[in-house]
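Work through these exercises with the model open beside you. Try each task before reading its solution.

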Amino acid sequence: MDDKDRDPTKFTRRRLALNIIKAAAKGIIVYVIYYVAWSFISPIAQMIPSLQQTIQLFVMIYLALLIVGELTSGTIYHYFFNTGRALFVIGYLIMSLKTGVLGGTLENLTFSVDLRLLLTFAVLLSMPNLAKSVLQTISYLNQKAEYTAAL
Amino acid sequence: MNIPIKIIGIATAFLWLFLIAFSVSAALSLRDLGFSFGNPQITLAGDNQLQLSLPLSITNRGKYEMQYFNVTSIVRNETGGTIAQSSSFINTINPGQTVNTTQTTVLNMTDLLQNDRNLLFNDSQLTLDEHVGLTLAELFPLKATANVSIPWGAPFYNLTLENPEYRPYNATHFIATVPISFENHAEFGFSGTIQTEMFNGGGTIIAQSNTNISVSQRSPYEGFVDLYLPISSISSLGHFEVHILTSFMNYGPIVIPYG
């Protein structure tokens, strides 16, 4: 069978292996970005006790959705997870917006930082990701329909 | 459709990286902000006013401008009531710049001492609440609050009128000498008049006297009040009513029993 005649949506062992490699690579890249960013932020995070927990929970769920999404690449579930990830980021940021003021204490100084504007930018930036996921899903379904019609 | 999707993906990835990098650098700038408060000082100004000065140093070692820097000082008494308030504003503090300023809060002594007798006779602790607000990199509003305790020294600490000592003045009158003492624990000296009225056991005023006083800051005062009273009106029990009249406040009567 020629490459052109192969089902682009078919899930094979070769694809699974590739998916595992891609999932690992993407997971490592995201974790490295988190690790590097965290090494800079950690001195401040010591002053704001809730910050570390909030960011770690976000990164954990994001990484889980990313890895599962990549492992199921080539199936419709890949797009479900991608869309779910985009929705999770938007939802998490919107939830954070409610309590977007982080506070801490340093000696006898009590301080608070208002991150709501930054979080709003992040929410806006998450919208294209959601749009991308929806477009990818449409494209996938389109490819599948074209292949079925060609048969 | 794949090309537009890829373009969206690449563009958002770059924007996310930019946002993360900006957030990290802003967080680092936040860490590099320095605030330090000096020791608060109380000085006596004209027009019965006390000036409470708090030196404040702000250092911006970060990479971004600090904007809309404002400091609000609120002086509170022991019960948390607001005594005085002041604010100052600096529009911009550039990266690498250090701004030294003194936040001055004016306390009107007349209002302060007339309304709070405790501050007149008892040492106390005033609280200076410092509220600092600024915007970093035009994106992160930051607020900080610090408390500084200021010891308040009472100007008439331990005001005491002792029992009168009588000696004859003439055929009809006696002189009653009343030792009067107090400690001025305040950071300012003052002068004024102590008006003393003496009442016998029946509640009738039998003598009155005005005594001029002048006390330096953080000094004790010891003096006498001489009262001329008719022999017939003397009783072993009674009370004094003391009025304190100074340039910055009038207070009285303070009732002190004798006998």
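**Exercise 1.** Which residues in α2(A) meet which residues in α3(A)? Then work out how the two helices are oriented to each other.

*Solution.* The model is predicted.
- Step 1: locate the helices. α2 of chain A covers residues 49-71, and α3 of chain A covers residues 76-98.
- Step 2: list the contacts. From α2(A) come F58(A), I61(A), Y62(A), L65(A), L66(A), V68(A) and G69(A). They meet H78(A), F81(A), N82(A), G84(A), R85(A), F88(A), V89(A) and Y92(A) in α3(A).
- Step 3: sort them by class. The contact has ten nonpolar, four polar and one charged residues.
- Step 4: take the geometry. The helices pack at an angle of about 165°, and their axes are 8 Å apart.
- Step 5: apply the cut-off. Angles over 145 degrees count as roughly antiparallel. Therefore α2(A) and α3(A) are roughly antiparallel to each other.
- Step 6: The crossing of α2(A) and α3(A) is left-handed.

**Exercise 2.** Describe the side of chain A that touches chain B.

*Solution.* 
- Step 1: count. In chain A, 26 residues are in contact with 25 residues of chain B.
- Step 2: assign them to elements. α1 (13-45), β2 (109-114) and α4 (116-150) of chain A each supply at least two residues of this side. α4(A) gives the most, with twelve residues.
- Step 3: classify. The side of chain A that touches chain B has 18 nonpolar, six polar and two charged residues.
- Step 4: β2(A) is joined by five bridges to β8 (residues 140-152) of chain B, and the two run antiparallel. Here S112(A) stands opposite K143(B) in β8(B).

**Exercise 3.** Characterise chain B, then trace its open sheet of four strands.

*Solution.* 
- Step 1: take the inventory. Chain B has three helices and 16 strands.
- Step 2: check burial. Of its 259 residues, 26% are buried.
- Step 3: check contact range. Consider contacts in chain B between residues at least 6 apart in sequence: 63% of them join residues at least 24 apart.
- Step 4: order the strands. The open sheet reads β13-β12-β15-β16 in chain B, with antiparallel pairing.
- Step 5: find the edges. They are β13 (205-215) and β16 (250-258) of chain B, each pairing on one side only.
- Step 6: inspect one pair. Seven bridges join β15 (residues 238-246) of chain B to β16(B), running antiparallel. The bridge partner of E241(B) in β16(B) is V255(B).

Definitions and conventions
Residues numbered from 1 in each chain as written. Chains lettered and ligands numbered in written order. Predicted model: local features only at pLDDT ≥ 70, side-chain atom pairs only at ≥ 80, totals over all residues. Buried ≥ 20, exposed ≤ 12 C-beta atoms within 10 Å, placed from the backbone. Contact = placed C-beta atoms within 7 Å. Nonpolar A, V, L, I, M, F, W, Y, C, P; charged D, E, K, R; others polar. Pairing = 2+ DSSP bridges. Axes fitted to C-alpha atoms, helices over the stretch in contact; angles between N-to-C directions. Parallel < 35°, antiparallel > 145°, perpendicular 65-115°, else oblique. Left-handed = near helix turned anticlockwise from the far one by under 90°.
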